[in-house]
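Thanks for coming, everyone. Let me put the structure up, and then we'll walk through it.

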Amino acid sequence: MSNASFNYQDARAVITATNLNQPFTALKDASDGTSGKIDPSNTRSEAFNRNHFKQSVGPNVSDSDFDSNETVYGFNPAQTEVFTTIATFPVNLALQPNDCLRLGSNPLVTTTSVNTLASPLIRSESAFYLCWFLTIGGVDVQIGYPFGYNTIVAGDGNTGSSDNKTLFYERLPMSYCYLPSIATTVTAIKVKIYFDDATHYRVDLKNLYLHYVWAKF
Amino acid sequence: MSKTYSVGVHQDRDYATAKAFNQDASGFLAEFNGKLDAQQLPYETIDDSNMVANSRIAVDSRPDGSAQDGVGVIMATQSYFQVESTLNTFTWARYPAADVLGPPLATFSSQNNSWASGILSLSANITKGSFLRIPTSEGFLRGAAQIDVEYFFVSQEAAGFTGNFGAGWRWQFYVFVNDVMVSTTGEQPAGRRRTVNLPFAAPIASQDSVTIDVRWSATFDGAGTSPANIKLIEDANLRVFNCLLWARNQYR
């Protein structure tokens, strides 16, 4: 509670300098932290509205990833069974415990079979996954868990000739809430792709629409 | 509106009278002691440092309350909740012989009547990622459910069979808030694996327990379903892999 009082002066009394200054000193002490700061006991009900809240500092949308060029992933054995970065959003966020970093991305994908095998592809040769990462302390830390897609778009995928399908321009929306329990400084937000077998399909991604919202209060 | 005025205007060489002093001091201190209003407070100055610190709670992730794997962060103007499954190893030996992410969190065989007709709660089979029971304040509830699902079914080697992409084999996911459907994928064709993201939004009252439930249904009613015409393959199943469910409650 941060209230201030003054010494009431009787009629016809000579007001001393100390007493004259006292209410101003009391006001100063009760507002600058000497004896208190302005708190809810100083304000009327409903004294605050949304205009009083500080606006967050932008931008929180990566221009480059918002309108990113088409890039080919897969069709490259080196990308088998590893996470390969498809989007990087450099940031400098000093997250406090129990803040929320809400992430979103919505890449536009085209998949194309480039199967060079004599036999048709099977499903395990044609799946890919997307997953969120944050760069914390210079290290890419996986947050959340992989979500999968299959490049075979028709057929049972086990037998037959169903590997020769191409999927044009589908959005792959993904979202996540990172809720740290300790103070965490994040220097980049990343999305990575993982292939069980990166040999037989190419996955073209563009216009990743990577964005974040940092909710503090 | 909170304002105060000086009642005693002092001139040079005046001395302060008790009456003027008492009225002026009482005036501005009375405002300070509980009457400060929006006019005294500059815009865009309040941030998290002025607020009560956020708190963290565990929330139910199963309808029967048997698990509290959901995380909630309660803030001054909003709250966030999230629950997620944790499938993270690519070691599931998949037919015919390759390792992929798995095993699935739930598998429903379309050969064995393994599910009842209707719209079913995914939380009956998945412990994390498809159900939240949360406290709310009056305002709006906004969120998304993300589900990794596949439904391959029948071999095209079945003579005359057309039950693949484009035929009548369907799955569908829904999000229910307090048993009211607020989002759905619509019927989706079988024939591939994909991840769906279901955004939802709904007005919400102040309640101790609001349930957000991901539900599903599936049918296989395409042409040529007579057993004689179907050559079943190894894994004629609806499979569900990782699930994620988050919600934001924006207070009014």
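First, a term: two strands pair if DSSP finds at least two bridges between them. Strands themselves are DSSP runs of E, at least two residues long, and helices are runs of H or I of at least four, both numbered from the N terminus.

Some ground rules. This is a predicted model, so local features need pLDDT of at least 70 and side-chain atom pairs count only at pLDDT 80 or more, while totals for chains, interfaces and linings use all residues. Residues are numbered from 1 along each chain as its sequence is written, and chains are lettered from A and ligands numbered from 1 in the order in which they are written.

Now the pairing in chain A. Take β9(A), residues 184–195. Strand β2(A), residues 83–95, pairs with β9(A) over 10 bridges, antiparallel. Within that pairing, A:L93 has A:V186 as its bridge partner. Strand β5(A), residues 127–136, also runs antiparallel to β9(A), joined by 9 bridges. There, A:W132 is bridged to A:V191.

Next, an open sheet. Three strands of chain A make it up, in the order β8-β3-β11, with antiparallel pairing. At the edges are β8, 174–178, and β11, 211–215, each pairing on one side only. Neighbours in this sheet are turned by 15° on average, direction ignored. β3(A), residues 100–105, meets β8(A) over 5 bridges. One bridge there links A:L103 to A:Y176.

Stepping back, chain A has 2 helices and 11 strands. Of its 217 residues, 39% are buried. Buried here requires 20 or more other C-beta atoms within 10 Å of a residue's own; exposed is 12 or fewer, partly exposed is in between, and C-beta atoms are placed from the backbone. Two residues are in contact when those backbone-placed C-beta atoms lie within 7 Å. In chain A, 79% of the contacts with a separation of 6 or more are between residues 24 or more positions apart.

What about the cores? A nonpolar core is a set of buried Ala, Val, Leu, Ile, Met, Phe, Trp, Tyr and Cys residues joined through C-beta atoms within 7 Å. The largest has 86 residues, and those with the most contacts inside it include A:Y129, A:I193 and B:L132. Apart from it lies a core of 7 residues, including A:F6, B:F21, B:A25 and B:F32. As for A:Y129, its contacts beyond four places in sequence include A:P146, A:I193 and B:L101.

How do the two α1 helices meet? The axes of α1(A), residues 17–31, and α1(B), residues 18–32, come within 10 Å and cross at roughly 5°. Axes are lines fitted to C-alpha atoms, for helices over the stretch in contact, with angles from 0 to 180 degrees between N-to-C directions. Under 35 degrees counts as roughly parallel, so α1(A) and α1(B) are roughly parallel. A:L20, A:P23 and A:L27 touch B:F21, B:A25, B:L29 and B:F32 across that contact.

Finally, confidence. pLDDT is the predictor's confidence in each residue, from 0 to 100. Chain B averages 84, with 82% of its residues at 70 or more. Residues 155–167 of chain B stay under 50. Residues 222–234 of chain B are below 50 as well. Where pLDDT is low, the predicted coordinates should not be read in detail. The model scores ipTM 0.83 and pTM 0.84.

Note on methods: Angles under 35 degrees count as roughly parallel, over 145 as roughly antiparallel, 65 to 115 as roughly perpendicular and the rest as oblique.
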